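Student: I would like to go through some labels assigned to this model and ask what stands behind each one.
Tutor: Go ahead.

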Amino acid sequence: MTWEERWHPLREEWIVIAAHRQNRPWIGETLEENERPIPSYLPDCYLCPGNLRVSGKRNEDYAQTFVFDNDHPCVGMDAPDTPSRHALYKSRPATGIARVVCYSPNHNVTMAELQTPQIESVLRVWQEQDTELLTHPQVKHVLIFENKGEAVGVSNPHPHCQIYATNFVFKAIETEARVSQNHLAETGNVLFQEIIQAESEDGRRVLCDTGSAIAFVPYFARYAYEVYVAPKATHQRISTLTPSEITELAEALRTVLVKFDNLWKRPFPYVMVLHQAPADGGDYSGYHFHIEFHPPLRKPNLLKYLAGPEIGGGNFISDTSPEEKAAELRAVPSVHYRHAGGTA
């Protein structure tokens, strides 16, 4: 048995690694997420081409990607100001723009089944959206994320992500930005560059290296199959990546996604988040854009439950070893199991 704490430099917190807990006896409900045949088009899907959404607006008859303003946004440009009745409590309008990006017109594919040029198209849309949204003076941060799978509560499997362009900076990004800038001031080095160097030198947790992009299970992973995908050059946001960097980032992203699905030969659930620097006028030259995957499953039908230590105590306990999970992902093929007879 091993008990170990590993420092998470981007979050400034300790992660407890207790890998022997992975096989502890379990009595209780498990999460089944069996693969079911799904058609490429559903007439009642509010994300499929040409269909009506709940708002009464009709989707374009799109052939590649499609972007629209979220019909049920969590923020709005006309957010009301509702002051608190007590001096101790504070409130402010949650101003911003929420959008949805459909990756493909096909209802029955995920990003893992898209070819690299198709993923490149999605990345270019993310670049365009990031650039355009930052022209709004109220926007201080652009958060792009995908929730995939029933395990994370997704109600519509049509391949899509969301964008929140907000007048505030999300807490995890705020912390990363602060520690990254402090590290640059203290050492003269970009913190994430040192993480990439450490992972490359160790090698055990690296899943792929496409030249200008790298994917790895971080030494301080909180979730069993947590993966970071990043350009090797420091960019504060995705919109400044060059075309060649976008191509190689798409290749790395696709490799990770295919390995996820191939692990248990089923669509693999996750939360994917693009970590970008705030856009509030501060100096974030030490911030390194990257993509984080937080998969909720630690076995094919078993969630990583957040309980006393995580919710109550505020520190993660990982039931698995990052090195062991990286080895599992490294060992699986890079050709999607649904297309094993075809090309990568």
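Tutor: Start with Lys-265, which lies in the loop between α4 and β10. Keep in mind that the model is predicted.

Student: Why is Lys-265 called exposed?

Tutor: The relative accessibility of Lys-265 is 56%. Exposed means over 50%, so Lys-265 at 56% counts as exposed.

Student: What is said about the phi of Lys-265?

Tutor: The phi of Lys-265 is positive, about 55°, although the residue is not a glycine. Most residues other than glycine have a negative phi.

Student: Where is Gly-281, and what makes it exposed?

Tutor: Gly-281 sits in the loop between β10 (270-275) and β11 (290-294). With the cut-off for exposed at over 50%, the 75% relative accessibility of Gly-281 makes it exposed.

Student: How far apart are Gly-281 and Lys-140 in sequence and in space?

Tutor: Gly-281 and Lys-140 are 141 residues apart in sequence, and their C-alpha atoms are 8.2 Å apart in space.

Student: Why does His-183 count as buried?

Tutor: Buried means under 20% relative accessible area. His-183 has 18%, and therefore counts as buried. Its place is in helix α2 (residues 171-187).

Student: Which residues are in contact with His-183, leaving aside its neighbours within four places in sequence?

Tutor: His-183 is in contact with Gly-188, Asn-189, Val-190, Leu-191 and Glu-194. Contact here means heavy atoms within 4.5 Å.

Student: Why is Pro-39 called partly exposed?

Tutor: The relative accessible area of Pro-39 is 39%. Pro-39 lies in the loop between β2 (13-17) and β3 (66-69), and touches His-107 and Asn-108, not counting residues up to four places away in sequence.

Student: How far is Pro-39 from His-290?

Tutor: The two are 251 residues apart in sequence and 33 Å apart in space, C-alpha to C-alpha.

Student: What makes His-339 partly exposed?

Tutor: The class runs between the cut-offs of 20% and 50%, and His-339 has 35% relative accessibility, so it counts as partly exposed. His-339 is found in the segment after α6 (322-331). Between the C-alpha atoms of His-339 and Phe-289, which are 50 residues apart along the chain, the separation is 31 Å.

Student: How do α1 and α4 cross?

Tutor: The axes of helix α1 (residues 116-133) and helix α4 (residues 243-264) come within 9 Å and cross at roughly 120°. The crossing is right-handed. On the α1 side the contact includes Thr-116, Ile-119 and Leu-123; on the α4 side, Ile-246, Leu-249 and Leu-253 are among the residues that make it. By class, the contact has six nonpolar, three polar and four charged residues.

Student: How many cavities of 30 Å³ or more are found in the whole structure?

Tutor: The search finds three. The largest cavity has a volume of about 40 Å³.

Student: Which residues line the largest cavity, and how do they divide by class?

Tutor: The lining consists of His-8, Leu-10, Arg-11, Ala-172, Glu-176, Tyr-228, His-275 and Glu-292. By class there are three nonpolar, two polar and three charged residues. Tyr counts as nonpolar in this scheme, and Glu and Arg count as charged.

Notes. Residues are numbered from 1 along each chain as its sequence is written. This is a predicted model: local features need pLDDT of at least 70, side-chain atom pairs count only at pLDDT 80 or more; totals for chains, interfaces and linings use all residues. Side-chain values use heavy atoms; hydrogens and water are left out. On a 1 Å grid over the protein atoms alone, a cavity is a set of points where a 1.4 Å probe fits but cannot get out, and a pocket is an open set with protein on both sides within 12 Å along at least five of seven lines; lining residues have an atom within 4 Å of a point. Grid points are joined across faces, edges and corners, and a volume is the space filled by probe spheres set on the points. Axes are lines fitted to C-alpha atoms, for helices over the stretch in contact, and angles run from 0 to 180 degrees between N-to-C directions. Helices (H or I, at least four residues) and strands (E, at least two) are DSSP runs, numbered from the N terminus. A crossing is left-handed if the near helix is turned anticlockwise from the far one by less than a right angle, and right-handed if clockwise. Buried means under 20% relative accessible area, exposed over 50%, partly exposed in between (1.4 Å probe, protein chains only).
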